[in-house]
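Here is a friendly walk through one structure, strand by strand and helix by helix. Have the model open beside you as you read.

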Amino acid sequence: MERKTSDNRSGKIASVIGIVLNLLLAGGKIALGAVFSLVSVVADGINNLSDCGGSVVSAVSFRIAEKPADKEHPYGHRRAEYIASMMIAFIIVALAVEFFRESVEKVLGGGSTAGGLAVYIVLGVSIAVKGGMFVYFRIVSKQIKSDTLRAAAVDSACDCLATFVVIVGLIVSRYTGVPADGYAGLFLALFIAWEGISIVREAGSKLLGQSPDGALVEHVKSILSVAEGTLGYHDLFFFSYGKNAVYATVHIEIDEKLSARESHERIDEIERAIFARTGVKLTAHCDPVDLNDDEALEFEQRVRAAVEGMVEGMNVHDFRIVRGSVKKAVFEVGIPFSCRKSDAEIENDVVRAVRLLGDVESYVTVERE
């Protein structure tokens with residue numbers, strides 16, 4: 001808890017610094033751009049103003065992260081960051097469209113434009129400040145593992161390039177008479193629009209249930225693979241409700257000879273170990289396996305050999321034989337999301353393959369993994 005509080009404090013400090021610096025840069029550029037009628041400089045200032053909005057979102061998100069879960073939001077409030085990000089992104093895109101229109105008018109109107117010395121000084125200072133923000137945000141993002149600050153660092157680096165383009169445009173316009181300021185404005189309008197669209201896509205993806213970080217998944221799998229007393233696992237699913245709010249469910253195979261108490265204790269140990277080492281809140285289901293049912297084990301191996309090659313990455317799990325008037329093989333097959341066949345097609349193919357192995361009916365559940 002102490003570490004999480006420290007991380008939130010560092011994140012909020014970085015966000016406040018971003019707000020102040022971006023606000024100062026935006027004010028200076030917009031004012032000078034308006035005085036000298038430089039659309040590219042005004043657009044660059046608006047870009048900094050949007051970054052200020054992003055820093056506000058970061059500060060709010062770190063504040064919301066401290067808010068505990070409640071009756072209406074049992075998984076916390078961290079997804080509010082994604083909603084706020086999308087709202088700001090829509091505003092950014094709208095501003096980009098307006099500046100694109102003004103830049104087109106500037107290009108069609110022709111004529112050269114060049115600002116005074118103050119414009120070049122402000123733009124030069126902007127590059128230096130944004131370079132410093134890139135270094136600072138990158139260091140803090142690594143320390144507290146913040147995706148928001150990592151994105152702010154990348155954005156600061158891109159802003160350095162954007163401001164440099166504005167300076168080049170002004171110089172070209174001064175000495176050639178080409179309306180390079182308008183062309184630079186077009187570039188910045190497209191750049192700002194791309195940033196806004198990227199924010200919408202990223203935030204929307206997370207709201208829809210984006211897959212978790214691959215390194216985190218592999219870390220959880222490595223713990224499950226070596227857990228004492230487990231024979232295997234399957235149906236591992238992750239659910240993210242924002243940073244530090246990741247939940248997961250899994251089926252763990254355990255020898256059915258163990259008592260219910262012993263199985264429960266081992267499951268508990270695995271859940272505690274994964275939370276302690278990864279922060280993932282795991283709920284595990286116990287699947288008992290009869291290691292003495294030679295017929296079922298032998299038939300399972302035959303089924304695996306017959307069906308697992310049908311689709312690359314397919315696996316068979318949760319296999320059991322149900323004996324009665326008719327012998328039934330009940331199992332699940334996992335297939336990757338990249339498989340283009342429908343679940344019904346996969347099920348039919350598997351049933352036909354098992355039918356060739358003997359007088360056994362098969363009941364198959366297809367799962368995307």
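Let us start with strand 2, which is joined to strand 3 (residues 281-289) by nine bridges, the two running parallel. Helices (H or I, at least four residues) and strands (E, at least two) are DSSP runs, numbered from the N terminus, and two strands pair if DSSP finds at least two bridges between them. Across this pairing, I252 stands opposite C286 in strand 3. On its other pairing, strand 2 (residues 246-255) meets strand 1 (residues 230-240) in the antiparallel sense, over eight bridges. There, T230 stands opposite I254 in strand 2.

This is a predicted model, in which local features need pLDDT of at least 70 and side-chain atom pairs count only at pLDDT 80 or more, while totals for chains, interfaces and linings use all residues. Residues are numbered from 1 along each chain as its sequence is written, and side-chain values use heavy atoms, with hydrogens and water left out.

Strand 5 and strand 6 pair in the parallel sense over eight bridges, and F331 has V364 in strand 6 as its bridge partner. Contact here means heavy atoms within 4.5 Å.

## Helix 7 against helix 8

How do helix 7 and helix 8 pack, and at what angle? Helix 7 (residues 214-226) and helix 8 (residues 260-278) lie at an angle of about 145°, with their axes 10 Å apart. Axes are lines fitted to C-alpha atoms, for helices over the stretch in contact, and angles run from 0 to 180 degrees between N-to-C directions.

From helix 7, L216, H219, V220, I223 and L224 meet I270, I274, R277 and T278 of helix 8. The residues of this contact divide into six nonpolar, two polar and one charged; Ala, Val, Leu, Ile, Met, Phe, Trp, Tyr, Cys and Pro count as nonpolar, Asp, Glu, Lys and Arg as charged, and the others, Gly among them, as polar.

## Residues worth a look

Most residues other than glycine have a negative phi. D235, in strand 1, has a positive phi of about 50° although it is not a glycine. D235 is buried, with a relative accessible area of 5%. Buried means under 20% relative accessible area, exposed over 50%, and partly exposed in between (1.4 Å probe, protein chains only). D318, in strand 4, has a positive phi of about 55° and is likewise not a glycine.

K327 sits in the loop between strand 4 (315-322) and strand 5 (328-335), and is partly exposed at 29% relative accessible area. Leaving out residues up to four places away in sequence, K327 touches E295, I321, V322, D359, V360 and E361. The C-alpha atoms of K327 and D359 are separated by 7.6 Å, though the two residues are 32 apart along the chain.
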